[in-house]
Amino acid sequence: MTSNSASRPGQRGLTALIPQRPHASSPGQRAAAQMLALREVTLPAAVITAAAELLTERLNHASDPVTREATAAVLTRLHNAVDQVHPRPENQH
């Protein structure tokens, strides 16, 4: 029996059987793909707010334009989700 792991050093088992792309995708490309297949889940507002804080930090340091754009889109959705439950002071009229 021939093993694919010989052609991919360091990979064993199922990982060696999964076709690999020539170029790894960026976090922004993976996030954009996920945004195309939106599903809904229920999370505490504090978890969403914490994720937004972490993504804001990531947005400030992302060099890839696709990652910056995807991060900004996700942040907007997170803020909008939290604002439906707990409006931010700057969004109150």
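Of the 93 residues of the protein chain, 14% count as buried, that is, under 20% relative accessible area with a 1.4 Å probe and protein chains only; exposed means over 50%, and partly exposed lies in between. The model is predicted, so local features need pLDDT of at least 70 and side-chain atom pairs count only at pLDDT 80 or more, while totals for chains, interfaces and linings use all residues. Residues are numbered from 1 along each chain as its sequence is written, and side-chain values use heavy atoms, leaving out hydrogens and water.

The protein chain holds 4 helices and 0 strands. Helices (H or I, at least four residues) and strands (E, at least two) are DSSP runs, numbered from the N terminus. The order from the N terminus is α-α-α-α. Of the contacts (heavy atoms within 4.5 Å) between residues at least 6 apart in sequence, 46% join residues at least 24 apart.

The largest nonpolar core consists of 5 residues: Ile 48, Ala 52, Leu 75, Leu 78 and Val 82. Such a core is a set of buried Ala, Val, Leu, Ile, Met, Phe, Trp, Tyr and Cys residues joined through side-chain atoms within 4.5 Å. Two or more residues come from each of α3 and α4 (65-85). The most come from α4, with 3 residues. Leaving aside residues up to four places away in sequence, Ala 52 touches Leu 75, Leu 78 and His 79.

Glu 53 lies in helix α3 (residues 45-61). Glu 53 counts as exposed because its relative accessibility is 57%. Between Glu 53 and Leu 75, the C-alpha to C-alpha distance is 8.9 Å, across 22 residues in sequence.
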